[in-house]
Amino acid sequence: MTDTLALAPAPQSGPVFDLDLRCADVLDTARDMRTFLLEPADGQRELAYSPGQYLDLAFDLDGEEVHRCYTLSSSPLRPGPLAITVRRVPGGRVSPWLHDRFGPGATVRARGPLGRFSTADHPAPAYLFLSGGAGATPMISMTRALFDAGSAADAVFVHSARGPEHIPFRRELELMAAAAPALRVHHLCEPELLTAEALADLVPDLPAREIFCCGPAGYMAAVRAMLPAGARYHQESFTVEAEPVAAGGFAVRLARSGVDFPCPPGTPLLRAAAAAGVTLPSSCGEGLCGTCVTPLVQGSVEMHHNGGLGPRDEAAGRILLCCSTPLEDLVLDA
């Protein structure tokens, strides 16, 4: 038995795999949430990843390639298929299609694993997992991995949901908590809300824990506001803005792919790329996770990040696309 989970993080300098995955099965996980079990279409490969990482999936929707990022909800320590768990978003484009039309035998192009939102990157003796809605997916992956490793790390899993029928993985979490004294699970259903007082009651030693948070933007903002200064906090979201940006500005070239796109002054590179229809690896969008780290080959930027880039990377000329704005024309190693 180990003190903490110590899986080696997957490399972040490029995709670990880029291949077709075939749907092996679909499971109902909660109301409006389904889990899709995926395995390599060629049947030949074992795919390594860290708990909490995600895949960039390219779906063929009526002849158009549409990308979405989905966190792996499976544990890397368990044999068998990969799993993503997807909530149906009313009015959404991909999630209703997945729920209604994507089933056993269907294939999807996958690139990854991506992201550093993982216990493997932040080993600690104690964790707090906070989630709302579909934000439970990276939390269940990390919790499963801790459980599967026989870790002695103390973990508290707190999930907020609209009602009991909306709680994903409920029975499994109860079984794991019953078998592992170091794991405690709490579910808060409306009208019961997560407040600073409730959090202090549930986790009185909160400052001593490594905190992971995922859920709707409002939920994560509320969580950050109730945490004490200096809390070791990590969050995950897939909310890169893709709205149009003003024309003109600086020219950005991706050296490896040969793609060019414009980036207006004051516009983060990741936002400008998304507006131009260019998909780049990303996760939190807030300079926290380091997923969008990219070498800057030519040019200069203004960058204000939140700890997602280490001094060594910065000294080597790497930047975070989500929080870098160009000061001149750029060439990126991407």
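Does Arg144 count as buried or exposed, and at what relative accessibility? At 11% relative accessibility, Arg144 counts as buried, where buried means under 20% relative accessible area, exposed over 50% and partly exposed in between, with a 1.4 Å probe and protein chains only. The model is predicted, so local features need pLDDT of at least 70 and side-chain atom pairs count only at pLDDT 80 or more, while totals for chains, interfaces and linings use all residues. Residues are numbered from 1 along each chain as its sequence is written, and side-chain values use heavy atoms, with hydrogens and water left out.

Arg144 belongs to helix α2, residues 136–148. Helices (H or I, at least four residues) and strands (E, at least two) are DSSP runs, numbered from the N terminus. Apart from neighbours within four places in sequence, Arg144 is in contact with Ser73, Ser74, Ser75, Arg78, Phe169, Glu172 and Met176; contact means heavy atoms within 4.5 Å.

An open sheet of six strands runs in the order β4-β3-β6-β1-β2-β5, with antiparallel pairing. Two strands pair if DSSP finds at least two bridges between them. The edges are taken by β4 (64–71) and β5 (82–87), each with a single partner strand, so one side of each has no neighbour in the sheet. On average, neighbouring strands of this sheet are turned by 40° against each other, direction ignored; the axes are lines fitted to C-alpha atoms, for helices over the stretch in contact, and angles run from 0 to 180 degrees between N-to-C directions. Within the sheet, β3 (residues 54–61) and β6 (residues 107–114) pair in the antiparallel sense over four bridges. Tyr54 has Leu114 as its bridge partner in β6.

The largest nonpolar core has 24 residues, and Leu21, Phe59 and Leu98 have the most contacts inside it. Such a core is a set of buried Ala, Val, Leu, Ile, Met, Phe, Trp, Tyr and Cys residues joined through side-chain atoms within 4.5 Å. Two or more residues come from each of β1 (17–30), β2 (33–40), β3, β4, β5, α1 (95–101) and β6. Not counting residues up to four places away in sequence, Leu21 touches several residues, among them Leu38, Leu55, Leu82 and Val108. A second, separate core of 23 residues includes Cys263, Leu269, Leu309 and Leu321.

Cys263 is buried, with a relative accessible area of 0%. The structure holds zero disulfides, a disulfide being a pair of cysteine sulfur atoms within 2.5 Å. For Cys263, the nearest cysteine sulfur is that of Cys323, 13 Å away. Cys69 counts as partly exposed, at 24% relative accessibility.

Helix α5 (residues 217–226) has Tyr219, Met220, Val223 and Met226 buried. Seen down the axis of α5, these buried residues fall within an arc of 130°, so they line one face of the helix; the arc is that of the directions from the helix axis to the C-beta atoms. The face turned away from the buried side carries the exposed residues Ala217, Gly218 and Ala225. The packing partners of the buried residues of α5 are β7 (126–132), β8 (154–161), α4 (196–202), β10 (210–214) and β11 (232–236).

Leu202 lies in helix α4 and counts as buried at 18% relative accessibility. Its contacts, leaving aside neighbours within four places in sequence, are Val158, Arg184 and His186. By contrast, Pro125, in the loop between β6 and β7, counts as exposed at 61% relative accessibility.
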